[in-house]
Each structure stands twice: as structure tokens, then as C-alpha cells.
Amino acid sequence: MMRTLRTSRSRTIQPLYCLVGEDSYRKLTFLRELKGDIFPRAEEPLNYEYLLGDEATAALILDAVRTVAWDLFSAIDNRLETVKRLVVVDRAEKLSPAVWKRLRDYLADPEPCACLVFLVNRGSRGWTPLSLFQKKYVKIFSPLKGVKLLDWVRKEASKQRL
């Protein structure tokens, strides 16, 4: 059974993300905000894992995402279903087809108390593993151009109070 979970800031956190595209800055900004929502009280070191796609295996990824979160001293009621663990696989485009095949079942029904994020540093066109993800888990970060770029720069400047 697939569920989406909410953080203490009431933002919906999906159990799985595939961030695809060449715009690394916007992908990393999204990831930083996600980390802030999942770990509001600096719990990150114990419940956060960062893996590289050219070094990771399916077993390593699945072990990381299924590891029980260290939340023994959390003020949050442990019976609540909240995202407590974040696993990031950077350079996921380097994962072999065999690894993606072994991850297929997990991608169809991800763990509800963990968030697995794949950072794909390439365009989405022609990248076959993208078909393994439900559309709601995919976020495209293609380079912005024209009016979209100007709007984004204005919003970023406003956030930075410039």
C-alpha cells in the first residue's frame, strides 16, 4: 500500500523522487529543502545516506533505505507515520541496467517511512529507467530559458532579499 507522508511543516513528502535534468542548482535546492523538511532538528547525520551511482549496488541501496531510522530520542510520537530516513543516490544515470532491474519491485512500492531520491544528471529524453517511476515521483530540472528563467531569477532574488 503506497502512502504519502507529511512532515511537521505539513509538506507532503513522497517516499521516492527521481530528479532528472542538467540544472544541478535547482535539483540541489529541492534536495536541501527536502532535507530541511525531513530533518527539522538536525537529525541528519544518523538518518541520511549519500551514495554514488557508479559505486552503488541494488543491495546497498535497498539496505540503506530499509535500515531502521535512529529516532530513539525524538520528541515525535514513534507511532506516527513520518518520513524519518533519507537516502540519496547521486549520478543515478551511472547505475547499470541490472541494478535498475533489481530495484523494480521497490520502485513500484517504496517504503513509507523513508525517502529515496535519485539524482540523474542528464536529460530525460531517451533515458530508459525513467519508465520505472510513476509520474508523480519524477521531477524534471531542464535548464530554464527566456521568461521562465527571468521569473525564476526574480523569485530567487526575492528569497535572498536582493
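Leaving aside neighbours within four places in sequence, V120 is in contact with C18, L19, V20, G21, K27, A92, E93 and W127. Contact here means heavy atoms within 4.5 Å. V120 sits in strand β6. With 0% relative accessibility, V120 counts as buried. Buried means under 20% relative accessible area, exposed means over 50%, and partly exposed lies in between (1.4 Å probe, protein chains only). V120 also shows how the chain returns to itself: V120 and E22 are 98 residues apart in sequence, but their C-alpha atoms are 8.2 Å apart in space.

This is a predicted model, in which local features need pLDDT of at least 70, side-chain atom pairs count only at pLDDT 80 or more, and totals for chains, interfaces and linings use all residues. Residues are numbered from 1 along each chain as its sequence is written, and side-chain values use heavy atoms, with hydrogens and water left out.

Now the overall plan. The protein has 5 helices and 7 strands. Both are DSSP runs numbered from the N terminus: helices are H or I with at least four residues, strands are E with at least two. Along the sequence, the pattern reads β-β-β-α-α-β-α-β-α-β-β-α. The protein has 162 residues, and 41% of them count as buried. Take the contacts between residues at least 6 apart in sequence: 79% of these join residues at least 24 apart.

What lies inside? The largest nonpolar core has 28 residues. A nonpolar core is a set of buried Ala, Val, Leu, Ile, Met, Phe, Trp, Tyr and Cys residues joined through side-chain atoms within 4.5 Å. The residues with the most contacts inside this largest core are L95, W100, L103, L116 and F118. Two or more residues come from each of β3 (16-20), α3 (58-66), β5 (85-90), α4 (97-108) and β6 (114-120). Apart from this core lies another, of 16 residues, among them F30, L86, V88 and L119. In soluble globular proteins, nonpolar side chains tend to be buried together.

Setting aside neighbours within four places in sequence, F118 touches L16, Y17, C18, L19, V89, A92, L95, W100, L103, L107 and F133.

Two of the contributing helices also meet each other. The axes of α3 and α4 come within 9 Å and cross at roughly 30°. Axes are lines fitted to C-alpha atoms, for helices over the stretch in contact, and angles run from 0 to 180 degrees between N-to-C directions. The two helices, α3 and α4, are therefore roughly parallel. That term covers angles under 35 degrees; over 145 is roughly antiparallel, 65 to 115 roughly perpendicular, and the rest oblique. On the α3 side, the meeting residues are A58, I61, L62, V65 and R66; on the α4 side, they are V99, R102, L103 and Y106. These residues divide into 7 nonpolar, no polar and 2 charged. Ala, Val, Leu, Ile, Met, Phe, Trp, Tyr, Cys and Pro count as nonpolar, Asp, Glu, Lys and Arg as charged, and the others, Gly among them, as polar.

α1 has 15 residues and reaches 21 Å from first C-alpha to last, close to the 21 Å expected at 1.5 Å a residue. The expected span is 1.5 Å times one less than the number of residues. The buried residues of α1 are R26, K27, T29, F30, L31, L34, K35, D37 and I38. R26 has a relative accessible area of 15%. Beyond residues up to four places away in sequence, R26 touches F141, S142, L144 and W152. L34, also in α1, has a relative accessible area of 0%. The C-alpha atoms of L34 and L86 are separated by 9.1 Å, though the two are 52 residues apart along the chain.

Two arginines in loops come next. R91 lies in the loop between β5 and α4. R91 is not a glycine, yet its phi is positive, about 55°. At 28% relative accessibility, R91 is partly exposed. R125 lies in the loop between β6 and β7 (138-140). With a relative accessible area of 77%, R125 is exposed. R125 and G21 are 104 residues apart along the chain, and their C-alpha atoms are separated by 9.6 Å.

The tour ends at α5. R161 follows α5 and has a positive phi, near 60°.
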